[in-house]
Amino acid sequence: MSTTTRTGRTDTAAGLRSGSRPKRHYGTHIFLTVMAVMWLVPLGWSLFTALRPVASTNEHGYFSLAGDFNFNNFTQAWTQGGFSTYFWNSVIITVPAVLLTLFLASLMAFAVSRVSWKFNITLLIMFTAGNLLPPQVLAAPLFEMAKHFEVPYSFSDSGNMLNTYIVVIAVNTAFQMGFCTFVLSNYMKALSADLTEAALVDGAGIWRQYREIIMPLCRPAFAALGTLQVIFIYNDYFWPLIFIQSGNRLPITTAINNLQGQFLNNYNLLAAGAVITVIPTLVIYLLLQRQFVAGLTLGSSKG
Amino acid sequence: MSSTARDLVPPEARAPEGAPVRRAKGGRVRRLSGRDKLVLSLMVGIPTLIELTLVWLPTLMSVGLSFTRWNGLDLGAIRPAGLDNYQYVTQDYPPFWPAVQHNLLWLLFLALVATPLGLLLAVLLDQNIRGSKIYQSIFFAPVMLSLALIGIIWQLFYQRDNGLLNFLLGTAGTPQAVDWFGDSSVNIWAAMIAATWRHAGYVMLLYLAGLKGVDPSLKEAAAIDGANGFQTFFRVVFPAMRPINIVIVVITIIESLRAFDVVYVINRGTNGLEMLSALVIQNLVGEGQVIGVGSALAVVLLVISLVPIVFYLSRTFGKEGKA
């Protein structure tokens with residue numbers, strides 16, 4: 001990072017800043033507390049609504065502390081609302097997509113960062129740019145490709161690739177791969193060249209260099225990227241919306257929107273569904289906050 | 001940014017600072033055996049093939065389809081249409097210009113409200129105040145949520161009769177109560193505030209990382225020169241964060257072009273919430289698919305988004321390309 005900056009040479013009297021220091025900190029705390037409370041209100045309100053049975057809100061109104069508080073809405077959303085199915089669908093899509101993305105991106109990143117080669121930069125640019133495109137730009141052709149890709153009915157009940165998890169996994173992988181390749185190649189470039197030079201002298205082939213030298217060293221980057229990708233793909237609303245037509249095959253993030261119509265006026269249940277959807281991300285956030293933050297700042301190219 | 005990647009690399013494996021990343025070309029490639037060449041070509045070939053078929057080919061197909069008329073059913077029924085779709089979109093398609101305006105408004109709001117707010121939070125939290133970590137966690141929490149879910153959560157907050165906001169304003173249950181997501185004169189603002197909730201936390205996080213990377217001696221030098229807090233920040237610290245600033249500019253533009261999930265969850269991007277990305281999808285799904293029109297809209301979106309993409313890529317890869 002080149003830090004070529006004009007030093008702020010100014011002719012202001014230094015006296016200006018001395019008096020205002022302690023007061024400013026006091027104000028900072030008030031401001032931050034107010035902002036933090038405002039920040040928590042939407043989530044808090046969802047949780048509050050979710051914890052109250054619809055009977056008590058009907059009786060006492062939504063803005064009251066009266067009545068029961070329990071987890072009935074959660075159990076109802078989980079069983080009757082189909083959230084157990086949706087949640088499982090999310091797992092089926094997210095786990096393979098993240099593993100595939102990281103694996104393919106690590107291959108590509110290794111090739112473009114550890115071996116000098118003619119089209120390195122061109123390919124890396126292509127991958128990075130692909131990730132920055134708005135997904136809507138490629139939606140129509142991808143939908144048509146999936147629709148006209150005919151497969152036996154024993155494989156997919158639509159007779160084509162629509163309504164399958166494979167197409168959602170494939171497209172998510174292709175879309176996220178660009179970003180991961182970019183981040184991993186930056187990471188691998190920062191690894192010392194001597195590591196693989198030495199292996200080369202020992203007669204280690206490309207695959208062994210990748211597998212036994214570079215991969216183990218990339219663990220911190222994988223941890224950060226993996227966490228980030230789990231969140232990204234779990235949070236993906238768009239691709240299942242395009243490809244999956246059967247409501248019971250939707251992952252949770254896309255399915256929750258259907259709940260709006262399904263449980264009209266039962267906001268308690270909708271709130272419970274929203275809270276259930278938040279829980280996995282919140283757990284990851286609490287356990288792996290450092291990894292997630294590292295992932296985001298590592299590849300701040302993410303749009 | 002590669003400097004942040006470096007920080008994660010264990011020191012013993014780190015390439016020496018300033019050392020040439022690549023050795024002289026040629027020499028190493030010649031040492032590759034046939035097997036190595038095969039392995040390498042698979043390593044490059046498989047991901048590249050996937051990227052080309054599932055990202056770049058569809059992008060080109062969008063461009064191609066935008067010059068055709070097609071209902072999406074029979075491949076043989078694709079008819080050339082010249083520029084008809086573009087003419088239709090810009091002249092006879094009522095939601096197009098409102099959508100362009102809304103995308104612009106969204107961009108301005110993120111750029112002038114959400115991003116500065118995130119920067120402000122980062123600067124305040126960077127000065128080692130008590131409870132800084134707790135504040136950070138709170139502001140950052142919405143970044144973990146999908147925009148679709150954010151739409152739902154804010155729907156609960158914004159509802160006309162049972163929403164918290166109308167209650168706090170004292171209008172709940174009265175005729176003055178506003179349906180924040182339903183009323184076409186206010187819903188875009190309500191949606192932008194919901195998007196800000198997430199965007200500001202994201203920007204805060206990136207700037208917190210950026211601020212840590214600024215050499216403290218720069219600030220000290222400025223203080224010795226008699227600069228006050230504001231001057232130090234705007235003339236020294238902020239310009240020193242140039243790489244992060246570029247990333248933030250690009251993210252802000254791209255987020256505003258992608259503002260799809262929120263509006264689609266609220267009302268599928270209609271009635272005051274028209275957005276280019278939502279219009280693309282409206283023309284592709286449901287009955288009466290008009291692939292040509294949808295693709296023309298997608299191409300408009302593509303051309304606009306190429307501006308920040310090219311800007312970003314030339315900044316990031318410009319140096320390497322020349323070296």
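## One face of helix α6(B)

Start with helix α6 of chain B, residues 132-140. Its buried residues (20 or more other C-beta atoms within 10 Å of their own, with C-beta atoms placed from the backbone) are Y135(B), Q136(B), F139(B) and F140(B). Looking down the axis of α6(B), these fall within an arc of 120 degrees, taken from the directions from the axis to the C-beta atoms, so they line one face of the helix. The face turned away from that buried side carries K133(B) and I134(B), which are exposed (12 or fewer such atoms). Helices here are DSSP runs of H or I, at least four residues, numbered from the N terminus.

This is a predicted model: local features need pLDDT of at least 70, side-chain atom pairs count only at 80 or more, and totals for chains, interfaces and linings use all residues. Residues are numbered from 1 along each chain as its sequence is written, and chains are lettered from A in the order in which they are written.

## Around M204(B)

F139(B) and F140(B) also turn up among the residues that M204(B) touches, along with G118(B), L121(B) and A122(B), leaving out residues up to four places away in sequence. Touching, or contact, means C-beta atoms, placed from the backbone, within 7 Å.

## Where the chains meet

Now for the two chains: 106 residues of chain B are in contact with 100 residues of chain A. Helix α3 of chain B, residues 34-65, supplies the largest share of chain B's side, 19 residues.

Key. Helix = DSSP H or I, 4+ residues; strand = E, 2+ residues; numbered from the N terminus.
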